Each structure stands twice: as structure tokens, then as C-alpha cells.
Amino acid sequence: MGSNGSVIPIFKKQIAAGGPVTVTHPEMRRFFMTIPEAVQLVLQAASIGKGGEIFVLDMGEPVKILDLATNLILLSGLRVEDIKIEFVGTRPGEKLYEEVAAMEESTLPTSHEKIKVFAGPPVSQAFMMERLREVCASRDVGGLVLLFKELVPEYNPSVQILGKAFNRTRAAVG
């Protein structure tokens, strides 16, 4: 919240200008943390780490962006009827919900209740770097997407990303 790219300052400007407040989709949800809260968790994770771990931070519950926009309108001393909320649609590849995939199944607790450590199968850094170099050298964008899928089984690229990746690969080969 309040960082560069946060929707909150954008909504505040739109409200101050009399609207409309632009929301991508009525069901869009995102996680929100204050900058100090996020920094504190990252620093605490760094102090827990021994080197090479992947930590998963508990960011609380996702917030419905429409509810956030409505609350900001009300907190500005206005009524919802005073400011129009306009749905502008999602961008290609944008998901309605951020996924913290299989957090309980693939993580282990740490000494901090809001920090878990990823417990998936280890991937050697040397192996990963070698595979990334190979794929990047071949300029095979489709291969890069497949490599990400191989390294991170929970990664589910959107249809748009898959289409773009394979169209670029076909164009480069053909």
C-alpha cells in the first residue's frame, strides 16, 4: 500500500478529480501490505535463512479491489453515488486472483508465524543456470515458458502468454 504502482494513490487521484474510479473487474482481488510490514517480513526471513531457501510470506487475506475503491470513496467523505466506478476489463494474462499455490502443502513452518520456507524438491542452482543459458542462447521463448513450468510446477501461464511465446518461437524458427 502506498508504493509506486499501488492502486490506492491512483484511486485517490481519481476520487479527487470527481471520478470515475477505474477498476479492472468486479471480482479482482489482490493482497495488500504496508511497505514497513513487507520490509519487516523480508528482513526477518533474511535473518532466519541459512542460504538458498525460498521463503513464503503470509500476506493476509486478499482484498476485493471493488471494495477497496468503494471504501476509499466513503473515507473521502463522499457517497458511492457521488463517484462513478467504471470497469475497464483485465489486461491480457492478468488473473482475477493472486494465487499462493499449495502454500500449506509445499512449505514448512519457521520460528516466525508469518514466514514459511518452501519445501519442494531442491533444484541445483548450477543446473538451473545451465538450463536458462541454453534456452536463452537458443532464443526459444516457448522453451523458456516450458522451462519455467519444469522448474516451478505450480506455474500456470495464461493462454495469452503461451500463445505469444509459441508464436515468437515459430517465427524465429520459420
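Biologist: How do H1 and H3 lie to each other?
Modeller: This is a predicted model: local features need pLDDT of at least 70, side-chain atom pairs count only at pLDDT 80 or more, and totals for chains, interfaces and linings use all residues. Residues are numbered from 1 along each chain as its sequence is written, and side-chain values use heavy atoms, leaving out hydrogens and water. The axes of H1 (residues 7-16) and H3 (residues 65-75) come within 10 Å and cross at roughly 45°; axes are lines fitted to C-alpha atoms over the stretch in contact, with angles from 0 to 180 degrees between N-to-C directions. Under 35 degrees counts as roughly parallel, over 145 as roughly antiparallel, 65 to 115 as roughly perpendicular and the rest as oblique, so H1 and H3 are oblique.

Biologist: Which residues of H3 does H1 meet?
Modeller: Contact means heavy atoms within 4.5 Å. On the H1 side, the residues are Val7, Ile8, Phe11 and Ile15. Their partners in H3 are Ile65, Leu68, Ala69, Leu72 and Ile73.

Biologist: By class, what residues make up the contact of H1 with H3?
Modeller: Ala, Val, Leu, Ile, Met, Phe, Trp, Tyr, Cys and Pro count as nonpolar, Asp, Glu, Lys and Arg as charged, and the others, Gly among them, as polar. The contact has no polar and no charged residues; it has nine nonpolar.

Biologist: Is Gln14 buried or exposed?
Modeller: Gln14 is found in helix H1. Buried means under 20% relative accessible area, exposed over 50%, partly exposed in between (1.4 Å probe, protein chains only). At 17%, Gln14 is therefore buried.

Biologist: Which side chain does Gln14 join through a polar contact?
Modeller: Gln14 touches Gly19, Pro20, Val21 and Thr22, not counting residues up to four places away in sequence. The polar contact, of 2.9 Å, joins Gln14 to the side chain of Thr22.

Biologist: What separates the C-alpha atoms of Thr90 and Thr24?
Modeller: Thr90 is in the loop between strand S5 (85-87) and strand S6 (107-109). Leaving aside neighbours within four places in sequence, its contacts are Thr24, His25, Met28 and Leu96. Thr90 and Thr24 are 66 residues apart along the chain, yet their C-alpha atoms are separated by 5.2 Å.

Biologist: How many helices and strands does the chain have?
Modeller: Both are DSSP runs numbered from the N terminus: helices are H or I of at least four residues, strands E of at least two. Along the sequence the pattern is α-β-β-α-β-β-α-β-β-β-α-α-α. The chain has six helices and seven strands.

How values were computed. Polar contact = N/O pair within 3.5 Å; in protein donor to acceptor, adjacent residues only side chain to side chain.
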